[in-house]
Amino acid sequence: MNTTCDKVTLTLAEAAIVFGVNIRTLRSWVEVGRLVPASRAGRGRGHRMHFRRGDIAALMLAACPVCAGGFKRATLKQRFCSTLCRQRFARTKLDPSATAPEPGK
Ligand SMILES: [Zn+2]
């Protein structure tokens, strides 16, 4: 990703298109304080919020703890790049012997 674009501000609608997320999702991030608008214009329901591209990118992009690959989150709860990695993580957590070598070997 071009980091020089990270300070570019986007409206809610533009950000939704650029990052491929639902406007409602973006709004909910603002409501819970995960995403802070760079500026707000107007008041009340019709106000327009602008966001820094980099702020949204930081929320959207994550590194998979299993394969260390970068991926784009579909939701903020998503921690792994794929179902496979999520299953691998669950398996190693439930069964420590899967990663630890057996004694005597
Ligand atoms: Zn992964």
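Strand 2 (residues 39-41) and strand 3 pair in the antiparallel sense, with three bridges between them. Pairing here takes at least two bridges found by DSSP between two strands. One of these bridges joins Ser39 to His50 in strand 3. The structure is a predicted model, in which local features need pLDDT of at least 70 and side-chain atom pairs count only at pLDDT 80 or more, while totals for chains, interfaces and linings use all residues. Residue numbers start from 1 along each chain as its sequence is written.

Strand 3 has a partner in strand 1 as well: these two also pair in the antiparallel sense, again over three bridges. Across this pairing, Thr9 stands opposite Arg52, and Thr11 stands opposite His50. Put together, the three strands make an open antiparallel sheet in the order 1-3-2. Strand 1 and strand 2 are its edge strands, each pairing on one side only. On average, neighbouring strands of the sheet are turned by 30° against each other, direction ignored.

Stepping back to the whole protein, there are four helices and five strands. Along the sequence they come in the pattern β-α-α-β-β-α-β-β-α. Of the 105 residues, 12% count as buried. A residue is buried if 20 or more other C-beta atoms lie within 10 Å of its own, exposed if 12 or fewer, and partly exposed in between, with C-beta atoms placed from the backbone. Contacts are pairs of residues whose C-beta atoms, placed from the backbone, lie within 7 Å. Of the contacts with a separation of 6 or more, 35% are between residues 24 or more positions apart.

Now for the helices. Helix 1 lies across strand 1 and strand 3, and runs at about 100° to strand 1. Helix 1 also packs with helix 2 (residues 23-32), at an angle of about 115° and with the axes 9 Å apart. Axes are lines fitted to C-alpha atoms, for helices over the stretch in contact, and angles run from 0 to 180 degrees between N-to-C directions. The contact is made by Leu12, Ala13, Ala15 and Ala16 from helix 1, together with Ile23, Leu26 and Arg27 from helix 2. By class, that gives six nonpolar residues, no polar ones and one charged.

Which residues of helix 3 are buried? In this helix (residues 53-60), they are Arg53, Asp55 and Ile56. They sit on the same side of helix 3, because they cover an arc of only 165° around the axis; the arc is taken from the directions from the helix axis to the C-beta atoms. The buried residues of helix 3 pack against strand 1 (9-11), helix 1 (12-19) and strand 3 (48-52).

Helix 4 (residues 83-94) is where Arg88 is found. Arg88 counts as partly exposed because it has 16 C-beta neighbours inside 10 Å. Between Arg88 and Cys67 there are 9.7 Å in space, C-alpha to C-alpha, and the two are 21 residues apart in sequence.

Methods: Contact = placed C-beta atoms within 7 Å. Nonpolar A, V, L, I, M, F, W, Y, C, P; charged D, E, K, R; others polar.
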